[in-house]
Amino acid sequence: MPAAETLPPPAEWRRPANGWVVATIVSLTVVLVLAPLAVAVHSLGAGRFGTGRYCLAIAVIGGLLVWVGYETRLRRHTATSPITHHPDGGGALEIPYSARIYAGYGLVMGGLTALFGMAVVDSATGGAPGGAYVFGVLALVAGSLPALMALGRFRRGYLRLSPDGLHQRGWTFESYLPWSAVLGVAPRYADCPIIVVVAEEDAPWQRRQVTQLWRPDRLPEVRRKDGKGLVPMIAVPGKFLAVDPTLVYYLLGLYLANPGMRAELATESAVRRAHVLVDR
């Protein structure tokens with residue numbers, strides 16, 4: 001598939017390399033992965049299997065955390081293949097969130113649940129019931145995210161562009177705005193590229209916060225100038241998308257400026273349009 005890197009990013013997103021991000025990820029790798037792994041190898045070799053298995057578990061969870069950090073902060077998503085046609089509801093162009101990040105969240109919290117569960121068993125069998133209660137609570141808290149994922153309340157998000165409007169499903173919320181109420185699309189930067197779609201103040205903004213716990217993203221809450229309510233908007237963090245946010249920014253601008261083209265969003269033509277846009 002063609003790469004979205006042929007599109008020039010907005011000036012607001014052209015920033016120097018985040019050296020501090022690289023340094024932070026390297027530091028976390030040393031502290032959370034290499035150090036506990038070294039202790040695990042030494043402990044297992046010395047016959048201290050209890051310490052060894054805990055350090056090994058911490059190294060695995062630390063590696064997953066570093067992976068999620070890389071996916072959200074450093075990885076460049078350039079393929080257009082994740083963009084698909086969604087047939088339900090009359091059809092829409094679907095731009096999904098990253099499956100890797102979604103899996104990373106589940107694996108990290110699943111790993112913590114297993115770690116705390118192991119501590120519960122060891123505390124209970126080792127004559128430390130107080131510790132078992134504490135670790136039990138931590139296991140329940142950590143396990144609540146995989147449970148929400150299994151129930152579909154915390155799920156892989158997407159942005160759907162239909163002939164009628166824009167539907168965003170974040171990790172933990174839903175938001176919808178009709179094209180007829182959209183005023184503009186603007187690039188912003190706040191720790192990552194963000195695509196902001198702003199609508200009229202009286203727009204029929206449909207929104208719903210699905211979960212109150214574990215919210216890596218949330219509905220935008222920008223107060224109107226008169227202080228009466230919120231500005232209807234959709235904010236898409238580029239770090240969560242499975243494709244280059246630059247391509248999404250251009251697609252939104254294209255369909256906003258050309259209302260006559262929106263009918264193709266209900267068909268496969270919109271997917272082909274995304275590819276053509278990249279090839280320009």
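Student: By class, what does the lining of the second largest pocket have?
Tutor: Its lining has 11 nonpolar, one polar and four charged residues. Bear in mind that this is a predicted model.

Student: Which residues lie nearest the centre of that pocket?
Tutor: Pro216, Asp217, Arg218, Ala235 and Pro237 do, out of 16 lining residues.

Student: And what volume does the second largest pocket have?
Tutor: About 210 Å³.

Student: Sheets next. What is the order of the open sheet of six strands?
Tutor: The order is β1-β2-β3-β4-β5-β8, and the pairing is antiparallel.

Student: Which strands stand at the edges there?
Tutor: β1 (84–86) and β8. Each has a single partner strand, so one side of each is left without a neighbour in the sheet. From one strand to the next, the twist averages 20 degrees.

Student: How many residues are between β4 and β5 in their hairpin?
Tutor: Three residues. The two strands, β4 at residues 165–169 and β5 at residues 173–178, run antiparallel and are joined by five bridges. In that pairing, Leu166 has Leu177 of β5 as its bridge partner.

Student: How many bridges join β5 to β8?
Tutor: Four, again with the strands antiparallel; β8 covers residues 206–209. Phe173 has Gln209 in β8 as its bridge partner, and Ser175 stands opposite Arg207 in β8.

Student: Now the sheet of three strands. What order does it have?
Tutor: β6-β7-β9, an open sheet with antiparallel pairing. The edge positions go to β6 (182–189) and β9 (233–237); each has a single partner strand, so one side of each has no neighbour in the sheet. Neighbouring strands here are turned by 15 degrees against each other on average, direction ignored.

Student: How many bridges pair β6 and β7?
Tutor: Seven, in the antiparallel sense, with β7 at residues 193–199.

Student: Where do Tyr97 and Phe240 lie?
Tutor: Tyr97 is in the loop between β2 (92–96) and α3 (99–125), and Phe240 is in the loop between β9 and α5. The pair therefore ties together parts that are 143 residues apart in sequence.

Student: Why does that pair count as stacked?
Tutor: Because planes under 30 degrees apart count as stacked, and the angle between the planes of Tyr97 and Phe240 is 20 degrees.

Technical notes. Residues numbered from 1 in each chain as written. Predicted model: local features only at pLDDT ≥ 70, side-chain atom pairs only at ≥ 80, totals over all residues. Heavy atoms only, no water. 1 Å grid on protein atoms, 1.4 Å probe; cavity = no way out; pocket = protein on both sides within 12 Å on 5 of 7 lines; lining within 4 Å. Points joined across faces, edges and corners; volume = space filled by probe spheres on them. Nonpolar A, V, L, I, M, F, W, Y, C, P; charged D, E, K, R; others polar. Pairing = 2+ DSSP bridges. Axes fitted to C-alpha atoms, helices over the stretch in contact; angles between N-to-C directions. Phe/Tyr/Trp six-rings, centres within 6.5 Å; stacked < 30°, edge-to-face > 60°.
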